[in-house]
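Subject: Structure handover

Hello,

Here is the structure I promised to pass on.

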There are 4 protein chains.
Amino acid sequence: MDIPDLETAREVLAAQPFSVLLDARLTAFGAGEAVLELDIRDELRQQNGFLHGGVLGYAADNALTFAAGTAAGAKIITSGFTIDYLRPADGRTLRAHARVLRAGRTRVVCRCDLSTLDARGASTLCAVAQGSVTVL
Amino acid sequence: MDIPDLETAREVLAAQPFSVLLDARLTAFGAGEAVLELDIRDELRQQNGFLHGGVLGYAADNALTFAAGTAAGAKIITSGFTIDYLRPADGRTLRAHARVLRAGRTRVVCRCDLSTLDARGASTLCAVAQGSVTVL
Amino acid sequence: MDIPDLETAREVLAAQPFSVLLDARLTAFGAGEAVLELDIRDELRQQNGFLHGGVLGYAADNALTFAAGTAAGAKIITSGFTIDYLRPADGRTLRAHARVLRAGRTRVVCRCDLSTLDARGASTLCAVAQGSVTVL
Amino acid sequence: MDIPDLETAREVLAAQPFSVLLDARLTAFGAGEAVLELDIRDELRQQNGFLHGGVLGYAADNALTFAAGTAAGAKIITSGFTIDYLRPADGRTLRAHARVLRAGRTRVVCRCDLSTLDARGASTLCAVAQGSVTVL
């Protein structure tokens, strides 16, 4: 099994047109953890001006999968995930921080904390997720 | 409680910049059900050419919430959802069909089937979701 | 792959001491579906007199796994599940009806409806679940 | 809102016949956390000799609910939860440790780590859960 490094993982992210559309970036990747961030811009909002839940779901899905990739390599497929929204999300940046809880031979289970950062870098936890990835 | 009709629900969708970015449309809304569709275009894909899981998550989240809105009106907030991916998703159109299972006074629980349609309209189930919405 | 029949599945259930403790029975098993039932007796209740959520969770977990077994045989292990409670559960019998949504080579995804039956056989949906099983 | 103390919480647990049947005990309760434990005895096993997933589901459900009770008091009802199994569970004791992530006015979201302890007290994480509770 070949574990990618941060540069390789960034190339995978850059090869996802949907991640390019959302302008997501990987800021950490390795040792069972991955951090995915994106700027909260207006076209990512819902009707009340908050970040759309679908953006949080995207970030959870992708961060969980990249975290699993730090343990299981690139030949993985996301099985599914659960997300609970905690607060309306707003601010400057969305940060999804995923951690591997258990990397088995055929399945990797991860958790993800989704926080928003304001202009001064203060962080607010706005959603939490748990999901699993199948190793091919 | 004021239950919106399809036209009003479409106005809510049009007021979500993220749904505009994804070019989603409501094709049914009422009687405990909502159908949300979007064209599968290249910028919604992942690195292997399939629809990104985050797009499926968005569609599940939004369809579940609109279905709940047919029972509980507009003053609702999505609590969270679970999605299981069944197959790599590809085709011409993504359709998310959500149904209310139970509309309580404070909480509405829904399921959602996510299918892709090919050029001839043949449907393939590619993900399933379950989620709940809090009535404010 | 060897798919068990109802009698063999009942032997598996009888070999689960926890299912014996709860006095669960399989009333259907085959063609992508399984039905697990148990009598609602006092020692299965919570502090308000309703069926304990843990009993519903048990029934969902086991029914999902048996349903997966109708498609994938006995060499499976439950990955996890999500349950949403819809109503306080009471009555004479708990029935968990699980169906396979997708049986892949390595993973089977199922849904489960949990209903209570009263003395006249009238059914009330009290919880819904979705889960997946890994094929070994 | 009246927050119970450990003694009061233990009385609630003792008033749950299903928790008495499983012989569960609360070993910590307060400040957004609850720990529920039970001895792993033979009648709680499945057909391969491991702890039945339904027992893990019960412990997750109940620990999550008690943790929420430390923040929201006794007038709560469990909405639902997700559990991912990480390893076959065996040992002397099952410990479910739940923590509040966000206590809102109408909804409390928690996570739960489920570990088994062997005869020397060594701990193995065997399942993880995430769930929410509605404040009545």
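Predicted model: local features only at pLDDT ≥ 70, side-chain atom pairs only at ≥ 80, totals over all residues.

Start with the fold. Chain A has three helices and six strands. Read from the N terminus, the order of its elements is α-α-β-β-α-β-β-β-β. The radius of gyration of chain A is 14 Å, and the globule rule gives 14 Å for 136 residues, so chain A is as compact as a globular protein of that length.

Next, its extent. The C-alpha trace of chain A spans about 45 × 25 × 25 Å along the principal axes.

Now the inside. Of the 136 residues in chain A, 55% count as buried. Contacts across the sequence are worth a look too. Take the contacts in chain A between residues at least 6 apart in sequence: 66% of them join residues at least 24 apart.

**Chain A with chain B**

Here 28 residues of chain A are in contact with 28 residues of chain B. Which elements of chain A give two or more residues to this side? They are helix H2 (17-22), helix H3 (53-72) and strand S3 (76-85). S3(A) gives the most, with eight residues. By residue type, the side of chain A that touches chain B divides into eleven nonpolar, twelve polar and five charged residues.

To find the spot on screen, go to Asp84(A): its bridge partner in S3(B) is Gly80(B).

**Chain B with chain C**

This contact takes twelve residues from chain B and twelve residues from chain C. Which of them has the largest share? That is S6(B), with four residues. The side of chain B that touches chain C holds five nonpolar, three polar and four charged residues.

**Where to look first**

Then turn to S6(B), on the side of chain B that touches chain C.

Best wishes

Notes:
Residues numbered from 1 in each chain as written. Chains lettered and ligands numbered in written order. Contact = placed C-beta atoms within 7 Å. Nonpolar A, V, L, I, M, F, W, Y, C, P; charged D, E, K, R; others polar. Pairing = 2+ DSSP bridges. Rg over C-alpha atoms; globule rule 2.2 N^0.38 Å. Buried ≥ 20, exposed ≤ 12 C-beta atoms within 10 Å, placed from the backbone.
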